[in-house]
Amino acid sequence: MKALTFSGGVHPSGEKELTCNQDVKVMPPPKMVVIPLLQHTGASCESLVQKGDKVKKGQKIGESRALITAPVHATISGGVKEVRLYNHPLGNKGLAVIIESDGFDQWADDIKRDDNFFRLLPQEIRDKVRDKGVVGLGGAAFPTSVKLTPPADKEINTIIINGCECEPYLTCDHRLLLENYREIIEGLKIIMRLLDVGKGIIAIEDNKLDAIKLLSAVIKMEPNIEVAIVKTKYPQGAEKQLIKALLGCEVPAGKLPFEVGVVVDNVGTAVAIYEALRDNKPLIERIITVTGSGIKEPQNIKVRIGTLFSDIVVFCGGLQGDIAKVIMGGPMMGIAQYTLDVPIIKGTSGILVLTAQDTFAVPAGPCIRCAKCIESCPMDLTPYLYGLYGRMQDYESMGKYDVADCIECGVCAYGCPAKIPLVQYAKWSKMEIAQAKKKKIEKKDKDIK
Amino acid sequence: MVPYIVSTSPHLKIRETISAVMRDVLIALIPAVAAAVYFFGRRALWVILISMASAIAAEFISEKIMKREVTVSDGSAAITGLLLAMVCPPGIPLWIIAIGAAVSIVLGKQVFGGLGYNPFNPALIGRAVLMASWPVAMTTWVTPFDAITTATPLAIAKFNLAQPLPSYWNLFIGNRAGSLGETSALALLLGAAYLLYKKQISWHLPVSFIAAVGLLSSIIGKDPLFNILAGGLILGAFFMATDMVTSPMTGQGKIIFGCGGGILTILIRYKGGFPEGVCYSILIFNMLTPLIDKYTRPQKFGVK
Ligand code: SF4
Ligand code: SF4
């Protein structure tokens, strides 16, 4: 079978051998967890607990009434030490519930296995997925229940389970494919039944041959599910690029995959959906890749949400070498941290520690118009213009040149010989544009009053 | 607590820098330099060295004066100097080439803001200025090896001079009169192959440029192969027009530039006053590049 792909993209070195051949290890629950009330794309939760409360593992501790949101749960049993602002891995600080372990690691009472889960009605499934705090585990952490609720006028015909894992260094999805393939397939089947869809595709990049072989063998009995091999290329796992590769159609600019009848979920999300229904288990832990030349024992670990980076680093043998960067996520889209005193959240796919030798700090030069950024941009944009206008802080022009369509994949800045921070400019301008819009609306409101 | 570096993603970048791009171009010009020295002797080497030295010095001094960061180490000034030498006659007085190189850098590049901001190919600006200022020195050609004054093949053909035209083979290997670095198609193509292999240039512009020249000359009943080999086309198409800063960015735009440049070249050769038109064609299309870029911007994902 020929590997499918999209146009554009780059081929950074994978660096996956560091971790891809070891079984996932379970990290024992830490003495303390810090659980941010905002871990997803959408509205922040409000705390349901107070200082001094006793909580059990899996107990809901944060909830919101907003439409796009997901509750958060206690990930260990113990006492609430404090609810306060804490370092947030997405930057700045965010309100978080700090829980100190009582050492018992006791489940909340309502968390029991339900072998009749397949009898649940569609709305019950959605409610449960929401109630258990399931969000997309590929990185953006979009609430899964929203993703499973297509608008009434859109007919869904394909479910794609995303096992591409195109970010270099990360191998947690690879391990999941190998170790939890049953749950992945069950999760996919639940989504297919829920949305009444007859076609499910599990997409895997062709650098994970063992996973492709294994999954292809086990889905032999499943007539409606196929394994699709896609080329190892970054960003093959980006939703729109994956749909293009598999189905040949382009999701219209500014629209969601619903538009072309597709729902895409990450492999980890499929497992989380399955566990939420069968075990009534909230999203309290996940598998992350702890890797990079600055980590003594790179490996994949199953870890409780809210565990601090510092505890995880200790579990993985500690740091080594001349540490330059600590990144949450992969090297292409991950977020650099300035401290290890920060918790992992639902969307954390890995902790990457790079040493001075890995990073390559050259000051930005002038754009020599080499067009590498244009050729490789998976959204077919003209990133060099973001450098040009970004330097002049002309965010309006950047808006005109479709910065809103930029998926911040990092491909342009990765390949730029002039080392221009194109993604930084794109992110800035999006924020500026959003703020300008907000101001405009506020002004209008005032004028009306 | 250790302060880790906090910067925006991506945290990985290719190691290639601007100077690596320029180094590839310099490497690609080595065969042509060797051919120039073989056919026109040590004199050619002097012209090249003086031109490069003058370009580098001009870059250094003007950046010092304008209090800009000194960027001689990126290699772009060296390339400008080398390219200018290649489009001048081998017998050009050394002081003239020195002035030309300085003009290329200062008027062709630095006044616009330095590398990346120049609308025209700096080396061709230098050549145009020299042509206007010292037309005789710039059109005094010599034969290979014995350096006897002669005319270029294009001039022989254009003005029906009573001189034999070189054979295709001699045109191909460079055994003919002409600008210092333009004569050997063989050497130039070797370098071009290297640039293509290294992906520093794409085929679009040079191939369409050369194809347009070939096609149009056969349409108007002239010898296409002669028109491709006899002048500065190969050098211009592969090394001048492909200058990233001054040529369109998309494949489509490059083809427009190439076809337009090719057509203009033939028009100048047969309808204009000069026997050769590659230099001016490229300069004119340098000027049109922003416009071409504007109209060939890629269609963004999701609107097709
Ligand atoms: S890759 Fe960098 S140097 Fe090349 S065109 Fe894009 S912004 Fe300019
Ligand atoms: S402009 Fe945006 S979408 Fe295009 S390569 Fe750069 S980061 Fe990716």
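Which residue in β17(A) is the bridge partner of Val290(A)? In this predicted model, where local features need pLDDT of at least 70 and side-chain atom pairs count only at pLDDT 80 or more, that partner is Ile351(A). Residues are numbered from 1 along each chain as its sequence is written, and chains are lettered from A in the order in which they are written.

Strand β13 (residues 285-291) of chain A runs parallel to strand β17 (residues 350-355) of chain A, and 3 bridges join them; strands are DSSP runs (E, at least two residues) numbered from the N terminus, and two of them pair if DSSP finds at least two bridges between them. Both belong to an open sheet of 6 strands in chain A, ordered β1-β14-β13-β17-β15-β16, with mixed pairing. At its edges lie β1 (25-26) and β16 (335-337) of chain A, each of which pairs on one side only.

The domain assignment, which is automatic or taken from a database, divides chain A into domain 1 (29-108 + 288-356), domain 2 (117-278) and domain 3 (372-448). Tyr234(A), Pro235(A) and Gln241(A) supply 67% of the area that domain 2 of chain A buries against domain 3 of chain A, more than any other three residues.

Conventions:
Heavy atoms only, no water. Buried area = accessible area lost by both parts, 1.4 Å probe. Helix = DSSP H or I, 4+ residues; strand = E, 2+ residues; numbered from the N terminus.
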